Amino acid sequence: MAKGTNDAQLLIQSLRKAYAATPTTLKIIDLYVVYAVATALIQVAYMAIVGSFPFNSFLSGVLSCVGTAVLAVCLRIQVNKDNKEFKDLPPERAFADFVLCNLVLHLVIMNFLG
Amino acid sequence: MAQSKVEGSSSLRHAFGGVLSVFILLLIGVVAFSIRLFSVIKYESVIHEFDPYFNYRVTQFLSKNGIYEFWNWFDDRTWYPLGRVIGGTVYPGLTLTAGTMWKLANSLNIPLSVETVCVFTAPIFSAFAAWATYLLTKEVKGPGAGITAAAILAMVPSYISRSVAGSYDNEAVAIFALIFTFYLYIKTLNTGSLFYATLNSLAYFYMVCSWGGYTFIINLIPMHVLLCIVTGRYSSRLYIAYAPLVVLGTLLAALVPVVGFNAVMTSEHFGSFLVFIIIHVVALVYYIKGILTPRLFKVATTLVLTVGVAVCAVVVAILIALVASSPTKGWSGRSLSLLDPTYASKYIPIIASVSEHQPPTWPSYFMDINVLAFLVPAGIVACFLPLSDASSFAVLYLVTSVYFSGVMVRLMLVLAPAACIMSGIALSEAFGVLTRSIKFHITKYFECSHTEAPAKSGESTSAESSAPLENMMKSDTTEKSEVVKKEKVSRRKQKKEKELTENAPVKPVSAKKEKRPLVLPLEASIVSVFLLIVLGGLYVLHCVWAAAEAYSAPSIVLTSHSHDGLHVFDDFREAYAWLRHNTEVDDKVASWWDYGYQTTAMANRTVIVDNNTWNNTHIATVGTAMSSPEKAAWEIFNSLDVKYVLVVFGGLVGYPSDDINKFLWMVRIGGGVFPHIKEADYLRDGQYRVDAHATPTMLNCLMYKLSYYRFVETDGKGFDRVRRYEIGKKHFKLTHFEEVFTTHHWMVRIYKLKPQKNRIRGKSRKSKLGTKSTSSKPGGVTRKNPWN
């Protein structure tokens, strides 16, 4: 048991050390993802308390959070310099795609929000 | 110097190839359009069948009243007295597309009528579908395979059957949307670009708008993602291709009123959500694997597994309890009948009765996809050499569509593009190999020094691929093994040639094992090429024959060839025109649900039930009325405010799809809701007959009487040309109905409900008043009053 906790502690330490080595831009994107997911969870908790009456509003709210999180993760994948597959992709193009997709997503959200 | 000259000539060849492919694709589009015009030439530019008439009526409404009225339209001329919410129950893609085309044409001052646009929508979109197939197959294998697949799809009879000029149904645009969505998915998978992922979601939205078969896409793509993960092909491109599609696609699907919240609540979509969660877990695992050392990663996995399995078990248990609590486990009836083919026949006779929902027969495979049926296995093998994400998707698409086409004949349509892609790949591979061997011989003939040429090859096939290569040409070439060895040699020789039939990503291989070049005789490859061309020619011949003879019947106009020329049966339109001109605008017409759409569109009268078949009880009411004796039927129809009853009768001319042949379905559906209708009452010893041996229930039911009233007057004996015997009850009178119209060939017969008598005479007054003493009629027989 002690070995288990020891291992867990070692694991967390090494994870923390490895994560600290990532560049700041990626860390900002990660923070954005965490924020979006947290907002989604807050919305789900609110729905659990208050009830889901305008279901389309709930759906569009949650899916917009999840959608921006997913798109931010895609951006992070494309901008990450460790990814060999995307080394030819200029980060400006990646960001432009990200903005376009977000535009479409939020257009749909606003239509569906009711 | 020589290098630039080689590059110059290869770029010229590129340019020439590009122009040639554009020209070929244009021709393919023209072929796809023209082959579907047979019905317009043979008959006229008319809408076919039943469902297209509803779509045509909706498009007319849209063009006349605009889009806001269309979204809010409540149709009170159908399903009387319930009505139907058109805006919320129709898939708007087709009507919006045709409406847009009509508006565009008219704004450019090209005066096309709505009917013309509707009739020609399907051929135009089939040309688009052929081009989309080119794009998709180009992503899977290369431009040569793309062109072949496009040419095959332009003519495949299965697709023609649902997209002739005049067949204005959802599949006309839906198949194009399907192929285009798959193309964008594969493009995103190959390039990893978020731009194509956005386009993919928008194309999926168009597909959801067009057809209920969109559930095929939203289940096939997650299956493919799962397959890639399980076979170790996970990459970040897969994540980019799948995750945005799920979120954006679900939202867009929920936007369409027909789907609405079903996009998140029905089991058809749960697969995509499950795989969404799985791909996130896998992405996280790969990320952590990337930043940890291997030993620590092992520790992490053991820790996560012990905790994670416990949590997963709890979550799965909750999910199962939730899903099991609904009787159909959350699936809709139609989807369930796809997974369990016997479900519909046991529980939902309406779904089972539609002829398009029956399983196909073996010959229909050969009729519908012809030569492709045995080119497909060759294509499957070609997809494995080499296996890429895109080719694994093509194989998965083919396998699932083969299964579903075996369940329902209507879904052969989904099999058609998959079969075309596979056969395009197979044919292009075959041509590639054979032409390369021919080129090898020709170059050998003109050059002497080829043995010391450096072994720089363009392909990345390895030695192990020789075994599956042997199976590749099993369809039509004679010398198999020599072709295999020939291919390896000829691949080495093509370093100077830029092939348009490139069939794998080009990866320069520096060292290659020197194999002894085995030469296929020039004659064999020339003969094989010739045979392949003959095969293609036979395929084209069959497709044109199928389009001209089998699939171009508008089914609203029938023809037959007799000894004195062509005989045209235009009875349906005659009957609808009579209804339109000789009845009041608010009169209700009752018939079997097959004719509902045509009646509302052409006769412009309110109907009781139509082809939408959304209310089983209402249909069962009409079915019960048709199966009951006259008085009971009159009561039922009177309660529904019906004025006219329409039956289709084919006994005089031999038209086999008439109401007497469909009658048992009326009994079954009616009996499903009203238990006093029992199918056994209408069958004599389990056999359905209407001759002298028929049961009295059958001979007294409304359908029999309305079909055969005065039939004996035509030939004196009452010989039914469809059933091929004389009918049972020949001379009878109708008491509650009166005949108002019968068409020229007796195919459609219209009856009017007789109004209830005002005066009640005779003995029956006793039963009405009860206490008064009888004053019986002096002598004679008391006439039985039919209204009691």
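This is a predicted model: local features need pLDDT of at least 70, side-chain atom pairs count only at pLDDT 80 or more; totals for chains, interfaces and linings use all residues.
View 1. The unreviewed UniProt entry lists residues 31-49, 55-75 and 95-113 of chain A under "transmembrane region". Have a look at two of them here. Residues 31-49 of chain A are 100% helix and 0% strand, with 27 Å between the end C-alpha atoms. Residues 55-75 of chain A also come out as 100% helix and 0% strand, and here the end C-alpha atoms sit 30 Å apart.

**View 2. Helix H30 of chain B and its buried residues.** H30 covers residues 630-639 of chain B, and its buried residues are B:Glu630, B:Ala633, B:Trp634, B:Ile636 and B:Phe637. Look down the axis of H30(B) and these buried residues fall within an arc of 165°, so they line one face of the helix. Why can that happen? An α-helix has 3.6 residues a turn, so residues three or four places apart point the same way. After H30(B) comes B:Asp641, with a positive phi near 65°.

**View 3. A five-stranded open sheet in chain B.** Follow the strands across in the order S6-S5-S7-S11-S10 (chain B), and you'll find mixed pairing. At the edges are S6 (606-607) and S10 (737-742) of chain B, each pairing on one side only. Now zoom in on S7 (residues 642-648) and S11 (residues 748-753) of chain B: they pair in the antiparallel sense over five bridges. B:Leu646 has B:Ile750 in S11(B) as its bridge partner.

**View 4. A helix lying across strands in chain B.** Helix H27 (residues 571-582) of chain B lies across S5 (588-590), S7, S10 and S11 of chain B. H27 of chain B runs at about 25° to S11(B).

Definitions and conventions: Residues are numbered from 1 along each chain as its sequence is written. Chains are lettered from A and ligands numbered from 1 in the order in which they are written. Side-chain values use heavy atoms; hydrogens and water are left out. Buried means under 20% relative accessible area, exposed over 50%, partly exposed in between (1.4 Å probe, protein chains only). Helices (H or I, at least four residues) and strands (E, at least two) are DSSP runs, numbered from the N terminus. The arc is that of the directions from the helix axis to the C-beta atoms. UniProt positions are given in the numbering used here, feature names are shortened, and annotations may be inferred rather than shown by experiment. Two strands pair if DSSP finds at least two bridges between them. Contact means heavy atoms within 4.5 Å. Axes are lines fitted to C-alpha atoms, for helices over the stretch in contact, and angles run from 0 to 180 degrees between N-to-C directions.
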